[in-house]
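Trainee: Could you show me how to read strands, helices and buried residues in a model?
Mentor: Happy to! Let's look together.

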Amino acid sequence: MRHKKDKKQPCFMISVVADMLDVHPQTLRLYEREGLITPHRTKRSRLYSEEDVEKLAMILRLTRELGVNRSGVEIILRLRDRLETLQREMEEMMNFLEDDIKRDFVERFRKIFSEE
């Protein structure tokens, strides 16, 4: 049985991520200092997850291709995080409502057939 890959699992060293994204490691350190990214730390090493790499790629796309400054990137990242939170909350609410409707249906169905 295959397990779903955990995108939050830290697994890439800074030099690998820098090569993957074609940036200098100092750029990644700068983004960390500015709070745009928070890699996992072990003693003196930074380890980046697949999720971190995707976020960094988005940051680079925003700055390089779209000309967004770092303040703009911060705002976009906050809005994106908030949107994802709202999406999760909406999905949880929909699941709750669906379960509630199913329970109500089953209860009504039982009442109908128990009366006969």
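**Reading strands and a helix**

Mentor: In strand 3, H40 has L47 as its bridge partner. This is a predicted model, where local features need pLDDT of at least 70, side-chain atom pairs count only at pLDDT 80 or more, and totals for chains, interfaces and linings use all residues. Residues are numbered from 1 along each chain as its sequence is written, and side-chain values use heavy atoms, leaving out hydrogens and water.

Trainee: How many bridges join strand 2 and strand 3?
Mentor: Strands are DSSP runs of E, at least two residues, and helices are runs of H or I, at least four, numbered from the N terminus. Two strands pair if DSSP finds at least two bridges between them. Strand 2 (residues 40-42) and strand 3 pair in the antiparallel sense over three bridges. Strand 1 also pairs with strand 3 in the antiparallel sense, over two bridges, and M13 stands opposite L47.

Trainee: Is R46 buried or exposed?
Mentor: Buried means under 20% relative accessible area, exposed over 50%, partly exposed in between (1.4 Å probe, protein chains only). R46 counts as buried because its relative accessibility is 18%. Its side chain also makes a polar contact of 2.3 Å with that of E32; such a contact is a pair of N or O atoms within 3.5 Å, and within protein one must be able to donate a hydrogen and the other to accept it, while residues adjacent in sequence count only if both atoms are side-chain atoms.

Trainee: Which residues of helix 3 are buried?
Mentor: They are D52, V53, L56, M58, I59, L60 and L62.
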